[in-house]
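Here are some notes for a colleague who has not seen this structure before. Please read them with the model open.

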Amino acid sequence: YAKSMKLSVETAARDLRHGFFSVKAKNLRCYQILIAHHADDQIETVLMNLCRGSGTTGLGGMKREAKMGKLTIIRPLLNVWRSEIDAYIEERGLKFREDASNATSEHVRNRVRNDLVPNLPEVFGRDPREAILRAAQLCREDAEFLGMVVDNLYRMTVTKSGALRFAKVESVEPISLKRRLIQRWLNENEVPDCGFAEAERVLSLMDIENGPAKVNLPGDWHARRRAGSLFLEAPKGS
């Protein structure tokens, strides 16, 4: 699946996992699902996003609630440390299942979990995890405010067919809002694995004289400029 959709293995696995959740939720007529991500997972996510060059949205980490179509994903343990969960399990003698791959260094997240995070107190002379969570909360709050601004811009910019009006996009300032507008458009159309580089690629279509008329996006998607609009082409057969 990752190869056919031109995605990273981790992104492909996430998409398939979410697809499984969606099917099961529909079959069971259940539109909320609880995920066991905890505070240590949040630390890993924020650090990984920081090293990928993410903006405030990525640095905010995972949200407590997130929409995936009609399904609402809820993460009730995001403020609970793994050590607290382990202590609760041990005290009550609960059975649990540990993913064997967690102990390996095959994936980036595992290396962050096993090699980077345990060494942070030694590097900083204190445990910085609470500070990282606080910084993530501030980024989430800023991102939520900017998201409301972009929502208004999006409604004024998108056409009934789902294209973006070229002139409207061009008039958006500052550039940070323009990037967020493009990112919102890509997310709304479920173009996978899109970030700063993909938004910049779409923005290059705004340069009529020197820019391209078509750019490639992850998952075999394409963005084009034509007749005063920016529009997306879905993968063949989708």
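1. Helices (H or I, at least four residues) and strands (E, at least two) are DSSP runs, numbered from the N terminus. Thr45 sits in helix H3, residues 39-51. The model is predicted, so local features need pLDDT of at least 70 and side-chain atom pairs count only at pLDDT 80 or more, while totals for chains, interfaces and linings use all residues. Residues are numbered from 1 along each chain as its sequence is written, and side-chain values use heavy atoms, with hydrogens and water left out.

2. Thr45 is buried, at 9% relative accessibility (buried means under 20% relative accessible area, exposed over 50%, partly exposed in between, with a 1.4 Å probe and protein chains only). Its side chain makes a polar contact of 3.0 Å with that of Arg109. A polar contact is a pair of N or O atoms within 3.5 Å; within protein, one must be able to donate a hydrogen and the other to accept it, and residues adjacent in sequence count only if both atoms are side-chain atoms. Leaving aside residues up to four places away in sequence, Thr45 touches Gly61, Met62 and Arg109 (contact means heavy atoms within 4.5 Å).

3. The largest nonpolar core has 26 residues, and Ile182, Leu186, Val202 and Leu230 have the most contacts inside it. Such a core is a set of buried Ala, Val, Leu, Ile, Met, Phe, Trp, Tyr and Cys residues joined through side-chain atoms within 4.5 Å. H10 gives the largest share of this core, 5 residues.

4. How do H10 and H11 pack? Their angle is about 100°, with the axes 9 Å apart. Axes are lines fitted to C-alpha atoms, for helices over the stretch in contact, and angles run from 0 to 180 degrees between N-to-C directions. H10 and H11 are therefore roughly perpendicular, the word for 65 to 115 degrees; under 35 counts as roughly parallel, over 145 as roughly antiparallel and the rest as oblique. Among the residues that meet are Ile182 and Leu186 in H10 and Val202 in H11.

5. Ser4, in helix H1 (residues 2-5), is exposed at 53% relative accessibility. A polar atom of the Ser4 side chain lies 3.0 Å from the backbone oxygen of Tyr1. Ser4 and Trp221 are 217 residues apart in sequence and 12 Å apart in space, C-alpha to C-alpha.

6. The whole structure has 0 disulfides (pairs of cysteine sulfur atoms within 2.5 Å). Cys30 is partly exposed, at 35% relative accessible area, whereas Cys194 is buried, at 17%.
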